[in-house]
Amino acid sequence: MRIDRMRLLNVALLLALISLGLSWELWLAPLKGGTGALALKVLPLTLAIAGMLKHKLYTYRWVSLLIWLYFTEGVMRATSDTGLSQILAGIEVTLSAALFTACAVYIRLRLRVLPPKDKAGKGAAKADQTA
């Protein structure tokens with residue numbers, strides 16, 4: 001039950017970060033003279049939606065590493081931009097940190113319920129010793 005709630009939280013945070021990135025770069029505070037191409041930065045995040053919905057542990061692992069790029073961009077733009085863009089950057093930092101934390105908690109919960117993997121050859125060696 002907790003794993004399902006953490007999955008929903010992760011997906012919600014991911015979708016919030018995607019919508020923030022799109023709305024920020026296309027409508028709310030696009031770069032002056034920009035074409036909106038910076039909105040493509042959310043493309044890697046969209047690839048994670050399906051994996052998160054299917055409970056793929058690998059997806060949560062790589063998202064927890066990828067999210068630091070968005071955190072770094074948010075910190076950089078929060079300190080260099082002004083006005084609405086600075087506020088949006090602060091929101092991006094908050095969402096990124098929350099998504100990282102949620103991914104880490106989800107991974108930890110999943111690893112507790114997964115059965116341990118039998119090392120190749122170890123199981124066969126034990127069977128030979130007992131026979």
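Q: Contact means heavy atoms within 4.5 Å. With that, what share of contacts in the protein chain between residues at least 6 apart in sequence join residues at least 24 apart?

A: That share is 72%. This is a predicted model, where local features need pLDDT of at least 70 and side-chain atom pairs count only at pLDDT 80 or more, while totals for chains, interfaces and linings use all residues. Residues are numbered from 1 along each chain as its sequence is written, and side-chain values use heavy atoms, with hydrogens and water left out.

Q: Good to know. How many helices and strands are there?

A: The protein chain has 6 helices and 0 strands, and along the sequence they read α-α-α-α-α-α. Both kinds of element are DSSP runs numbered from the N terminus, helices being H or I with at least four residues and strands E with at least two.

Q: And how much of the protein chain is buried?

A: Of its 131 residues, 37% count as buried. Buried means under 20% relative accessible area, exposed means over 50%, and partly exposed lies in between (1.4 Å probe, protein chains only).

Q: What about the accessible surface of the protein chain?

A: It comes to about 8300 Å², and 68% of that belongs to carbon and sulfur atoms. Accessible areas come from the Shrake-Rupley method with a 1.4 Å probe, and for residues only the protein chains shown count as cover.

Q: Switching to charges: how many salt bridges does the structure hold?

A: There are 5 salt bridges, each being a side-chain nitrogen of Lys or Arg within 4 Å of a carboxyl oxygen of Asp or Glu.

Q: Which residue does Glu-25 meet in a salt bridge?

A: Glu-25 pairs with Lys-41, at 3.0 Å from N to O. Glu-25 sits in helix α1 (residues 2-28) and Lys-41 in the loop between α1 and α2 (43-46), so this pair ties together parts that are 16 residues apart in sequence.

Q: Where do Lys-41 and Glu-73 sit, then?

A: Lys-41 is in the loop between α1 and α2 and Glu-73 is in helix α4 (residues 57-80), so the pair links distant parts of the chain, 32 residues apart. Their side chains meet in a salt bridge too, at 2.9 Å from N to O.

Q: Is Lys-41 buried or exposed?

A: Lys-41 is buried, with a relative accessible area of 16%. Glu-73 is buried as well, also at 16%, and Glu-25 is buried too.

Q: What does Arg-77 form with Asp-81?

A: A salt bridge, with the closest N and O atoms 3.1 Å apart. Both Arg-77 and Asp-81 are buried. Salt bridges with shared partners join Glu-25, Lys-41, Glu-73, Arg-77 and Asp-81 into one network.

Q: Which residues is Arg-77 in contact with, leaving aside its neighbours within four places in sequence?

A: They are Trp-24, Glu-25, Leu-31, Leu-38, Lys-41, Ser-85, Gln-86 and Ala-89. Arg-77 lies in helix α4 and is buried at 6% relative accessible area.

Q: Over to the surface. Which residues gather in the patch of positive charge?

A: Arg-2, Arg-5, Arg-108 and Arg-112. Patches take residues with over 30% relative accessible area and no salt bridge, joining like charges within 9 Å and nonpolar side chains (Val, Leu, Ile, Met, Phe, Trp, Tyr) within 5 Å. Lys and Arg count as positive and Asp and Glu as negative, with His and the chain ends not counted. The place of a charge is NZ of Lys, CZ of Arg, CG of Asp or CD of Glu.

Q: Which helices each supply at least two residues of the positive patch?

A: Those are α1 and α5 (84-113). Arg-108 lies in α5 and is exposed, at 56% relative accessible area.

Q: What about the nonpolar patch on the surface, which residues form it?

A: Leu-22, Leu-26, Trp-27, Leu-28, Leu-84, Ile-87 and Ile-91, with about 670 Å² of accessible area together. The largest share, 4 residues, comes from α1. Leu-26, in helix α1, is partly exposed at 38%.

Q: Last one: what is the phi of His-55?

A: His-55 has a positive phi of about 60°, although it is not a glycine. Most residues other than glycine have a negative phi. His-55 is in the loop between α3 (48-53) and α4, and counts as partly exposed at 24% relative accessibility.
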